[in-house]
Amino acid sequence: MDVYVGEDRRHWCLHRDLLGYHTPFFQGQSHIDGKQKFGKIELLEEDPHAFELLVKWLYQGKIDDVSDLPMEKKWHYAHACQKLYVLCDKIKMPQLKNIAIDQFRKGCHEAGLVPGPEEMKPIYDTTPPRSPIRKLVSQIAARQIMDPDSENDAGTYRICFEASADFAIDVIDAIRQGSRPKLFQDPTEETGCFYHEHGASQVCKVG
């Protein structure tokens, strides 16, 4: 079976039965009205690096462990595993999806990097509510917002908040969970001019 992936239409010629064995997605693509179709499959919105990992897993039963890669390649590999997860979610390959998210998490940790809003937004665009990878990236965003040593704040994730109410809810829930049992002061009990519109050095003329 000919498979074309990505904008550049990178080409793979793969065994039809092997694809069909691992996922019903390719079974449906290779048959029409019960008749076998000898054609091609186009996955032009998917990432070729992610699909390359999928092919490696199909034929070798495993993908590389990010821990075995040199430091300069860890983040690139983690990013590919993030896209592999989204691909596997689309084509219904749960076992490889679980492997992909573990390698993504490990790669982020070992590289000392986390996905930014540009990587998070496509996840919310393409995965269903309550997806584990949504939970993961929303917790990453929440931790970045809460971390006093991080340069990221809520504004960093504006494109995600504007594009997805689910992202906003998930991040707020993660912050709520992460801040327990600490609760900030009741804003209705505060005295003074915390919510007045004047400069900090100006004398408040109210009250």
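Here is a short tour, one selection at a time.

First, some ground rules. You're looking at a predicted model, where local features need pLDDT of at least 70, side-chain atom pairs count only at pLDDT 80 or more, and totals for chains, interfaces and linings use all residues. Residues are numbered from 1 along each chain as its sequence is written, and side-chain values use heavy atoms, leaving out hydrogens and water.

**Stop 1: the core.** Select Val3, Phe51, Leu54 and Leu84: they have the most contacts inside the largest nonpolar core, which has 48 residues. (Such a core is a set of buried Ala, Val, Leu, Ile, Met, Phe, Trp, Tyr and Cys residues joined through side-chain atoms within 4.5 Å; buried means under 20% relative accessible area, exposed over 50%, partly exposed in between, with a 1.4 Å probe and protein chains only.) Among the elements giving it two or more residues are β1 (2-5), α3 (48-60) and α4 (71-91). Helices (H or I, at least four residues) and strands (E, at least two) are DSSP runs, numbered from the N terminus.

**Stop 2: α4.** Which helix gives the most to this core? That's α4, with 10 residues. Just after α4, click Lys92, which takes a positive phi of about 65°.

**Stop 3: Asp47.** Now go to the loop between β5 and α3, where you'll find Asp47. Asp47 is buried, with a relative accessible area of 18%. Its side chain reaches the backbone nitrogen of His49 at 3.1 Å, and a polar atom of that side chain lies 3.0 Å from the backbone nitrogen of Ala50.

Technical notes
Polar contact = N/O pair within 3.5 Å; in protein donor to acceptor, adjacent residues only side chain to side chain.
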